[in-house]
Amino acid sequence: MNHESPPRAWVETDVEAVAHNLRVARRLAGGALQMPIVKANAYGHGLEAVARRLDAEEGVAFFGVANVGEARRLMQAGVEAPPFILGPTFAAEREEIVRHNWGCVVSSLAEAEHFDRLAALSGRRFALHLALDTGMGREGFLPEQLGCVIPQLKQLHHLRIEGAMSHFSSADEDPAYTAEQIRLFGDCVRELGLHFELTYRHLGASAGLMGFRIPEANMTRPGIILYGVAPVPSPAAAELRTTLRLLSRVALVRDLPAGRSISYGRTYTTPVPTRVATLGIGYADGWPRHLSGRGAYVSIRGQRCPVLGRVTMDLLIVDATAATGVCEGDEAELIGPELPVQQVAEWAGGIPWEIFTGLGVRLPRIIKP
Ligand SMILES: *Cc1c(COP(=O)(O)O)cnc(C)c1O
């Protein structure tokens with residue numbers, strides 16, 4: 001890190017806390033294999049640092065990523081467990097995927113045939129997973145297609161179908177629909193198992209693994225739970241540790257008299273004389289503009305400092321009257337132990353996933369020592 005000035009805002013990632021949360025997830029899943037999900041820069045935490053740390057944990061079979069760019073970064077970081085590209089692949093990416101033996105899924109015969117041709121050209125067999133659409137509607141073969149597709153897949157001699165995956169659409173809100181997805185997944189896995197050796201069978205993300213037993217699965221794909229958020233109520237929620245702090249610095253402290261309006265659109269006017277702090281963070285860093293006028297606060301010197309007026313691109317204005325002795329350079333916590341990401345998401349009318357993955361690229365990621 002070679003900043004000319006101290007960073008105005010940054011993310012501090014606790015990779016040990018992520019590893020702890022992975023162990024909690026693994027225990028909840030009954031010791032199943034794990035595909036920790038590190039897509040979107042490990043939910044904003046910093047892809048390389050998180051994956052390198054989790055690579056040392058037991059039971060990690062793959063790292064779930066969104067695209068080949070993230071797969072390359074894992075490879076360049078020397079991470080041993082292979083990346084697994086969760087979504088559909090583009091034709092132009094597949095040669096590279098085959099060359100490096102990255103994990104991926106197919107949802108159609110056309111994709112499988114393309115992988116088979118590429119594997120033939122490279123002179124080896126390529127292992128992939130079949131995606132099954134048990135009710136998410138995003139990717140995968142429909143269960144009723146399998147009867148027709150299986151014989152055709154068996155003709156693709158340069159492929160090895162080593163896994164089957166599906167994804168829940170409503171594991172956090174609709175147990176009956178989720179149970180139906182589990183049943184369909186079981187049926188598909190049993191049918192596929194007659195023809196292929198399915199080493200990996202995976203269905204549950206965080207909500208699924210916390211809320212359901214999935215007998216036919218032997219791997220889970222924990223995402224948000226690794227980053228300290230329980231997406232469904234669970235006694236295990238209390239065991240999860242906070243993994244990320246979003247911090248900024250006070251750039252300026254001013255004493256304003258009553259009757260001064262603050263920020264764009266003049267949505268706030270000081271009712272009384274107010275000590276106002278301007279922080280070096282804004283919506284360009286991923287602290288949503290929607291937090292304006294929603295009762296949001298930040299924490300300075302352990303005190304709640306309400307956000308005043310609209311969040312601007314690079315700066316945020318707070319009432320720091322309660323933070324006795326506040327001065328320029330003080331740290332302000334915007335996400336962390338004193339300000340759970342769930343709270344920030346609620347203010348913003350969003351979800352924790354959105355807040356984490358929206359953290360801006362200009363925030364340096366610093367690993368907590
Ligand atoms: C993102 C994703 C996950 C992780 O989801 P969480 O809810 O964050 O645990 C798992 N599986 C797939 C296919 C995903 O796209």
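Tutor: A polar contact is a pair of N or O atoms within 3.5 Å; within protein, one must be able to donate a hydrogen and the other to accept it, and residues adjacent in sequence count only if both atoms are side-chain atoms. In this case, an N or O atom in the side chain of Ser 206 is 2.5 Å from an oxygen atom of the ligand. The model is predicted: local features need pLDDT of at least 70, side-chain atom pairs count only at pLDDT 80 or more, and totals for chains, interfaces and linings use all residues. Residues are numbered from 1 along each chain as its sequence is written, and side-chain values use heavy atoms, with hydrogens and water left out.

Student: Which polar atoms of Arg 221 and Ile 224 lie at 2.8 Å from the ligand?

Tutor: For Arg 221, a polar side-chain atom lies 2.8 Å from a nitrogen atom of the ligand. For Ile 224, a polar backbone atom is 2.8 Å from a ligand oxygen atom. The protein buries 90% of the 390 Å² that the ligand exposes when taken alone, with accessible areas from the Shrake-Rupley method and a 1.4 Å probe.

Student: Which residues around the ligand come nearest?

Tutor: A residue is near a molecule if one of its heavy atoms lies within 4 Å of it. Of the 14 residues around the ligand, the nearest are Lys 39, Tyr 43, Ser 206, Arg 221 and Ile 224.

Student: Where does the ligand sit?

Tutor: Rolling a probe the size of a water molecule over the atoms shows where empty space is left. On a 1 Å grid over the protein atoms alone, a cavity is a set of points where a 1.4 Å probe fits but cannot get out, and a pocket is an open set with protein on both sides within 12 Å along at least five of seven lines; lining residues have an atom within 4 Å of a point. A molecule sits in one if more than half of its atoms lie within 2 Å of its grid points. Here the ligand sits in the largest pocket, whose volume is about 680 Å³. Its lining has 31 residues, and those closest to its centre are Lys 39, Arg 138, His 167, Ala 205 and Trp 353.

Student: Which helices each supply at least two residues of that lining?

Tutor: They are H2 (39-43), H9 (206-211) and H11 (352-357). Helices (H or I, at least four residues) and strands (E, at least two) are DSSP runs, numbered from the N terminus.

Student: What is the volume of the largest cavity?

Tutor: The largest cavity has a volume of about 60 Å³. Among the residues that line this cavity are Asp 133, Arg 138, Glu 139 and His 167.

Definitions and conventions
Grid points are joined across faces, edges and corners, and a volume is the space filled by probe spheres set on the points.
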